[in-house]
Structure formats: structure tokens, C-alpha cells
Amino acid sequence: MFFKIKHFIPYDCYKTVFDIDYNKLYEDGKRIILMDIDNTLIPYDVSEPSEELKKLINEIINIGFRIIFISNNHKRRVKPFADLFDSPYVYSAWKPLKKGYRKALKLTKHEHLDEIIAIGDQVMTDVLGANKVGIKCILVKPLKIVNEKWYTKLNRRIENRIIRKLKKNHYEEYLKIKELKDL
Ligand SMILES: [Mg+2]
């Protein structure tokens, strides 16, 4: 395998972005969130966030976080979304490659990597990509997998194989991810 198995292990797992304790993250010293969009915040076939989601994102910003949206999707999808919150963004990020993360890090004010947390719905892109550059990633359950693109479907299949591999040497983490999948 190309990557170390530990690179596929999320920092934490939650059912949705609404279940994450952002105040706790702030208390733990986190200041920047690298936030995935598709299937983490909104499904692929939805372009406008709900009022509930807008409220949540504004609350996160009000705690004192800077959100940087980082997405493998196109500019026409990512920019209008990030603009709703006056937040910086990286589109066509090519997660899990380091390229997009380097761009995102340039948008930070050189905060230490420990002050940055990523949030996403895919082990193969969000978790792997963040871990590779030394950033922890919270995994959430994907919102809706029916309309996913072919490469995302492929990622999910690889993801399931990796999760099964975790069972052997990282049983606790395996259980957490497994639980998330079954929710
Ligand atoms: Mg996603």
C-alpha cells in the first residue's frame, strides 16, 4: 500500500456537522477549520445551504474560527458557497494530494498545524489528505451517497476495504468508523 494505515484514521467521528462540539474544539486550541462541502455540508445535488446550516456556519465563525472551504469540486460550485460566509476557499483541491492543502495553508495566517482541524465525509480524500500534511480530520457520515460521482463511488469501495484493514491493528478506531457507517 502507498500510505500508512494510520493516515486513514480520523481524529474523531460524528454523524453530522451539527453534532460536533465546536466550542470544545476552540478550547482545545483549534482556530481554523478546513471544511469540505459536498456531502459534508450539502448533498451534491443541492446548491443552497438550508437556513439551519447557514446558522451553524455563522455560529462556528462567531466562536472565533476561520473556515476555509476546501473542495475537489469546481469553482462555480465552491465560490458561491464560500462567498455566502465571506470565507476563503480552495476549489479543485485534488484531495488527497498535498497541492490543495498547501493552497489552503497559504490562506491561513501561518497558524500552527495543531490549530487547524479538517472536517469531511471521505476517508480517501478528506482524512488521508489532511493526515498526510499533519492536520487532524473529523469524519462525518456522508449526507447522501446516491448522486455521487463515479470516482467518489470508487473511493467508497477502497474506503470500505481500508476500514476492514483497520479492524486488525486499530480495533477501537475501526469500531468508531464502523458505527458511523451503520448509523
Ligand atoms: Mg465530500
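Colleague: Which residue's side chain meets K24 in a salt bridge?
Modeller: Keep in mind that this is a predicted model. Side chains of opposite charge can pair when their charged atoms come close. Here the N to O distance is 3.0 Å, and a salt bridge is counted within 4 Å. The partner of K24 is D28.

Colleague: Is K24 buried or exposed, or something in between?
Modeller: Its relative accessible area is 42%. Buried would need under 20% and exposed over 50%. D28, at 39% relative accessibility, counts as partly exposed. With its 42%, K24 is partly exposed.

Colleague: How many salt bridges turn up in the whole structure?
Modeller: The K24 and D28 pair is a salt bridge, and so is the pair of R77 and D38. E159 and K181 meet in one too. The search of the whole structure gives eleven.

Colleague: Which residues are the protein donors of the magnesium ion?
Modeller: The donors lie 2.1 to 2.2 Å from the ion, and the cut-off for a donor here is 2.8 Å. Along the chain they follow the spacing D-x1-D-x82-D. D36 and D38 are both buried. The donors are D36 (OD), D38 (O) and D121 (OD).

Colleague: D38 also has a salt-bridge partner, so how far apart are the closest N and O atoms of R77 and D38?
Modeller: R77 sits in helix α3 (residues 75-83), and D38 in the loop between β2 (32-35) and α2 (51-63). The pair links distant parts of the chain, 39 residues apart. Both R77 and D38 are buried. Their closest N and O atoms are 2.5 Å apart.

Colleague: At what angle do the axes of α6 and α7 cross?
Modeller: Helix α6 covers residues 150-169 and helix α7 residues 171-182. Their axes come within 7 Å, and the crossing is left-handed. The angle is roughly 145 degrees.

Colleague: Which residues of α7 make the contact with α6?
Modeller: On the α6 side, the contact residues are E159, N160, I163, R164, L166, K167 and N169. By class, the contact has five nonpolar, two polar and four charged residues. On the α7 side, the residues are Y171, Y174, I177 and K181.

Colleague: Which residues do salt bridges with shared partners join into one network with E159?
Modeller: E159 and K181 meet in a salt bridge at 2.7 Å, N to O. E159 lies in α6 and K181 in α7, so the pair ties together parts that are 22 residues apart in sequence. E159 is buried at 1% relative accessible area, whereas K181 counts as partly exposed at 32%. Joined with E159 in one network are D121, R156 and K181.

Colleague: Where is the peptide bond that is cis, with omega near 15 degrees?
Modeller: Most residues other than glycine have a negative phi, and most peptide bonds are trans. The cis bond runs from K95 to P96.

Colleague: What is the phi of W94?
Modeller: W94 lies in the loop between β4 and α4, and it counts as exposed at 54% relative accessibility. S92 is found in that loop too; its phi is near 40 degrees, a positive value in a residue other than glycine. W94 is not a glycine either, and its phi is positive, about 55 degrees.

How values were computed. Residues are numbered from 1 along each chain as its sequence is written. This is a predicted model: local features need pLDDT of at least 70, side-chain atom pairs count only at pLDDT 80 or more; totals for chains, interfaces and linings use all residues. Side-chain values use heavy atoms; hydrogens and water are left out. Axes are lines fitted to C-alpha atoms, for helices over the stretch in contact, and angles run from 0 to 180 degrees between N-to-C directions. Helices (H or I, at least four residues) and strands (E, at least two) are DSSP runs, numbered from the N terminus. A crossing is left-handed if the near helix is turned anticlockwise from the far one by less than a right angle, and right-handed if clockwise. Contact means heavy atoms within 4.5 Å. Ala, Val, Leu, Ile, Met, Phe, Trp, Tyr, Cys and Pro count as nonpolar, Asp, Glu, Lys and Arg as charged, and the others, Gly among them, as polar. Donors are N, O and S atoms within 2.8 Å of the metal (3.2 Å for Na, K and Ca); water is not among the atoms, so sites may look incomplete. Buried means under 20% relative accessible area, exposed over 50%, partly exposed in between (1.4 Å probe, protein chains only).
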